[in-house]
Amino acid sequence: MTDDVEDPEPSEDQVPAAVFDATRALLWVDAASDARHVAADLVNGLGGEVVPASAEHPHSIPADISFGDGEPLLPAAPAGSTARTALDRYLARFLLDAHRAIELASRTQRLTEAATTDLLTGLPNRRILTRALGRLEGDDTVIMIDLDEFKEVNDTLGHEVGDDVLRAFGAVLMSTVRARDLVGRFGGEEFMVVVAPPVGADAFLHRLRAEWTASRPLTVTFSAGIAHHTGDAHTTIRRADDALYQAKREGRDRWVWATPLPAATASTGIDEDPDPTDR
């Protein structure tokens with residue numbers, strides 16, 4: 001009687017090119033959909049075919065290669081065929097490697113999101129905003145926004161309620177800006193928006209005020225400071241921030257431009273707002 005001996009690992013010159021290609025392709029996998037395509041190419045490259053699990057193919061192998069992306073898929077090849085032998089030898093190891101590649105890609109994506117996204121509001125954080133400032137163009141307008149008397153909300157109603165307000169304001173900001181505009185949480189209850197032409201800052205802030213008034217969980221207003229891009233990002237931010245605190249000093253619930261504008265275009269946003277609850 002002899003002990004069963006496992007087949008030795010094939011040497012490199014015995015491994016089909018399709019296996020090398022598929023394994024190399026795993027280096028570029030970002031999601032399950034990518035791995036699904038690579039696995040299908042491998043099955044075809046080894047002489048098999050890919051069939052839906054629902055088809056109950058007579059030569060299917062019970063190994064789902066969809067990785068949870070869409071309809072389950074199975075490799076298939078007749079028993080005893082060269083394709084079946086190759087699939088039996090190489091597919092299981094490949095699937096393990098593919099699952100690991102998907103896991104690593106997902107982990108990398110989560111780390112990237114954590115490094116660039118404010119976890120409370122889901123908006124870009126200060127780090128990504130700082131990077132984006134280097135791409136400001138001459139016609140861009142920077143708006144610094146701060147929720148009024150927000151400390152009182154935290155002190156009287158608790159930080160959980162305060163967090164709810166921040167999340168709600170972040171959601172309104174995201175729904176108000178256009179895809180080409182930039183928005184993010186600068187820190188605390190302060191947010192930054194970069195508005196590109198042709199939409200002006202005043203029009204954006206009027207729209208933001210209307211959306212916020214209609215959906216805010218508490219009667220919390222905001223103040224804002226606006227500055228045209230000066231050519232230097234840090235100077236532009238400082239001027240917008242100075243204008244913001246001028247708006248605070250003038251009574252809050254308004255916005256102020258960092259530089260004087262003609263009377264026809266200057267706005268504090270008060271005269272046009274008939275809603276007394278927003279003051």
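This is a short tour of a predicted model, moving from a core to a loop residue, then to a helix and a pocket.

**The largest nonpolar core**

Start by selecting L26, L42, L46, F67, L91, F94 and L95. These residues have the most contacts inside the largest nonpolar core, which has 29 residues. Next, colour α1 (17-25), α2 (32-45) and α3 (82-116), the elements that each give two or more residues to this core. The largest share, ten residues, comes from α3. As a general background, nonpolar side chains in soluble globular proteins tend to be buried together.

Keep L95 selected and show what surrounds it. Leaving out residues up to four places away in sequence, L95 touches A63, D64, I65 and F67.

**A63 in its loop**

Now centre on A63. This residue sits in the loop between β1 (49-52) and β2 (73-76). Is A63 buried or exposed? A63 counts as buried because its relative accessibility is 16%, and the cut-off for buried is under 20%.

Move to α5, residues 150-157, and select F150, V153 and N154, which are buried. They lie on the same side of α5, because the arc they cover around the axis is only 95 degrees. An α-helix has 3.6 residues a turn, so residues three or four places apart point the same way.

Which elements do the buried residues of α5 pack against? They pack against β3 (141-147) and α6 (159-176). Then turn the view to the face of α5 directed away from the buried side, where the exposed residues K151, D155 and T156 are found. Step past the end of the helix to G158, which follows α5 and has a positive phi, near 100 degrees.

**The second largest pocket**

Finish at the second largest pocket, with a volume of about 200 Å³. Select D148, E149, T219, V220 and T221: of the 14 residues that line this pocket, these are the closest to its centre. By type, the lining divides into four nonpolar, four polar and six charged residues.

Notes: Residues numbered from 1 in each chain as written. Predicted model: local features only at pLDDT ≥ 70, side-chain atom pairs only at ≥ 80, totals over all residues. Heavy atoms only, no water. 1 Å grid on protein atoms, 1.4 Å probe; cavity = no way out; pocket = protein on both sides within 12 Å on 5 of 7 lines; lining within 4 Å. Points joined across faces, edges and corners; volume = space filled by probe spheres on them. Nonpolar A, V, L, I, M, F, W, Y, C, P; charged D, E, K, R; others polar. Helix = DSSP H or I, 4+ residues; strand = E, 2+ residues; numbered from the N terminus. Buried < 20%, exposed > 50% of the residue type's maximum accessible area, 1.4 Å probe, protein only. Arc of directions from axis to C-beta. Contact = heavy atoms within 4.5 Å. Core = buried A, V, L, I, M, F, W, Y, C linked by side-chain atoms within 4.5 Å.
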